[in-house]
Amino acid sequence: MAKREDSSNRSENRDRVNGPANRDIRFEKAAKALKKAIERNRLGHPIIVEGLKDVRCLKALGFLGKIETINRGWDRSKLIANLYEKYGDFDSGDGGAPMILLMDWDRTGGKLQTSIRNRLESMDVKIDESLRTCLIKVMKPEGRTVESLEPHAKSLLEKINSLQE
């Protein structure tokens, strides 16, 4: 009996850390997080990504608002100053953070996420990282980058649209 309980606990711990093994459940969770981010993006909250392939992927997923890229050939200080000037005091009335930060969930993306978050938070700008946190857990088998979601855009859009009904 103890083995069965241990096995159950391991499964629950794996789901908590890596996300559920069932693809439909994982895509459902990703769709909920994407839907929330899409709604905030339409209210004027910019989503900040690494490059143009990320922008193309987000547009395929239904993001219609502002999408900013960090790979513009600017140094990090100029980028942070630009984001702060444009969006630092943005308030759409939903009480949330003014910017959604979505770097890839690989090592480089993690370093960029931490660096940008720390610099903006040092200027008292809140950052919404909930979308990235969710995607790290549930979309890891499909890839470790934002653009790796593009082949799954059709499936994810169907899930997103079914949530809106």
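This report walks through a predicted model of a single chain, from its overall layout down to a few side chains.

## Overall layout

The chain holds 7 helices and 4 strands. Read from the N terminus, its elements follow the order α-α-β-α-β-α-β-α-β-α-α. Of the 165 residues in the chain, 44% are buried.

Contacts across the sequence are worth a look too. If you take those between residues at least 6 apart in sequence, 69% join residues at least 24 apart.

## The sheet

The 4 strands come together as an open sheet, ordered β2-β1-β3-β4, with parallel pairing. The edge positions belong to β2 (67–69) and β4, and each has a single partner strand, so one side of each has no neighbour in the sheet.

## Helix α6 and what covers it

Helix α6 spans residues 130–138, and its buried residues are L131, R132, C134, L135 and V138. They lie on the same side of α6, because the arc they cover around the axis is only 165°.

Is R40 buried or exposed? This arginine has a relative accessible area of 8%, and since the cut-off for buried is under 20%, R40 counts as buried. You will find R40 in helix α2, which runs over residues 23–42.

What does the side chain of R40 meet there? It makes a polar contact with the side chain of D128, at 2.5 Å. Setting aside neighbours within four places in sequence, the residues in contact with R40 are H45, D94, G96, A97, I100 and D128.

## Charges over a tryptophan ring

The charged end of R72 sits over the W74 ring, 4.7 Å from its centre. K78 also has its charged end over the ring of W74, again 4.7 Å from the centre.

How many aromatic pairs does a search of the whole structure find? The search turns up 0.

Terms used. Residues numbered from 1 in each chain as written. Predicted model: local features only at pLDDT ≥ 70, side-chain atom pairs only at ≥ 80, totals over all residues. Heavy atoms only, no water. Helix = DSSP H or I, 4+ residues; strand = E, 2+ residues; numbered from the N terminus. Buried < 20%, exposed > 50% of the residue type's maximum accessible area, 1.4 Å probe, protein only. Polar contact = N/O pair within 3.5 Å; in protein donor to acceptor, adjacent residues only side chain to side chain. Contact = heavy atoms within 4.5 Å. Arc of directions from axis to C-beta. Phe/Tyr/Trp six-rings, centres within 6.5 Å; stacked < 30°, edge-to-face > 60°. Lys NZ or Arg CZ within 6 Å of the ring centre and 35° of its normal. Pairing = 2+ DSSP bridges.
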